[in-house]
Amino acid sequence: MATINPYENLQLQANLELLARQVVEGFITGLHKSPFHGFSVEFAEHRLYNNGDTVKNIDWKLFAKTDKLFSKRYEEETNLRCQFVIDTSSSMYYPDESYNKLIFAVQSTAVLIQLLKQQRDAFGLSLFTDQLGLNTQAKSTNTHQKYLFAQLEQVLKAPKMNITTNLATALHQVADLIHKRSLVIVFSDMLQTVHDEEKVAALFSALQHLKFNKHEVVLFNVTDKSKEVAFDFANRPYEFVDMETGATLKAHASHVREAYLEQMGNYRQQLALKCAQYKIDMVDADIKAGFDQVLEAYLIKRQKMG
């Protein structure tokens with residue numbers, strides 16, 4: 001599968017449209033050579049060229065890359081409405097300004113919007129911290145796409161410190177505002193519910209609200225996997241800072257590693273089990289693993305929805 005490494009394209013942060021086009025083009029090309037080939041033709045909006053087909057619909061760019069002839073498919077109707085819900089709270093700025101969870105979430109959303117646009121599907125955007133901020137309707141126009149990309153670029157220009165998260169409140173608000181059946185794609189680090197059973201219960205109440213309203217949900221659990229999941233810190237003292245509250249904790253990494261790994265493992269298992277119980281698709285999204293993980297999860301979900 002073709003992948004653009006986000007670390008090699010930091011200069012593209014200010015031009016989400018260019019990044020999105022490059023990633024989607026590479027991904028679609030890779031689909032024709034991948035295990036997804038069985039249904040990639042419909043997904044990528046191409047089909048193999050057959051003798052007798054009009055040559056005006058041949059995708060010559062794809063031919064140059066694959067040495068195979070594919071015809072573009074044209075379907076006027078909108079098949080899907082997709083609402084992107086992004087956590088923009090302070091914890092999403094981890095690990096640093098050069099590349100963090102929020103940049104990954106914004107870029108991933110831009111890539112999926114580009115793909116939806118090519119499929120003539122509709123897309124909307126919701127941004128939240130402890131409350132829902134921006135919320136747009138789902139549309140499939142060029143103007144709407146450019147507006148959403150501009151909003152996403154603004155997110156990258158406005159760091160927020162000591163801003164907390166309330167994913168449950170935001171999802172309840174989204175559920176009340178979306179009036180047509182949609183695929184709701186959430187990008188959050190899910191850290192607001194760690195060690196808090198009440199917040200876990202509130203989160204799944206909100207997710208049930210979406211499901212009750214006939215929406216499908218994909219929850220991307222965005223992490224810097226090496227640090228936040230594997231706790232890959234050198235054996236030396238650190239001062240750990242809670243980016244949402246400003247609280248600090250001084251500790252030697254080797255002294256807290258075992259307890260951290262046990263608690264984080266239990267928490268992640270709890271989330272996975274509850275998501276399975278409520279038929280919520282939860283996908284681990286490591287910010288250092290590129291965009292294919294996000295696109296493949298979307299592709300699989302799209303195929304299941306028919």
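Rings of Phe, Tyr and Trp (its six-membered ring) are taken to pair if their centres lie within 6.5 Å, with planes under 30 degrees apart counted as stacked, over 60 as edge-to-face and the rest as tilted. The structure is a predicted model, in which local features need pLDDT of at least 70 and side-chain atom pairs count only at pLDDT 80 or more, while totals for chains, interfaces and linings use all residues. Residues are numbered from 1 along each chain as its sequence is written, and side-chain values use heavy atoms, with hydrogens and water left out.

Across the whole structure, 10 aromatic pairs are found. One of them, Trp 60 with Phe 63, is edge-to-face, at 5.9 Å centre to centre and 85° between the planes. Phe 233 and Tyr 238 also form an edge-to-face pair, with 5.2 Å between centres and 70° between planes. A single aromatic cluster is formed by Phe 231, Phe 233, Tyr 238, Phe 240 and Tyr 260.

Two of these rings carry a charge over them, as defined by NZ of Lys or CZ of Arg within 6 Å of the ring centre and within 35 degrees of the ring normal. The charged end of Lys 227 sits over Phe 233, 5.6 Å from the ring centre, and Arg 236 lies over the face of Tyr 238 at 4.0 Å.

Glu 228 is buried, at 9% relative accessibility. Its contacts (heavy atoms within 4.5 Å), leaving aside neighbours within four places in sequence, include Tyr 94, Lys 101 and Tyr 260.

How values were computed. Buried < 20%, exposed > 50% of the residue type's maximum accessible area, 1.4 Å probe, protein only.
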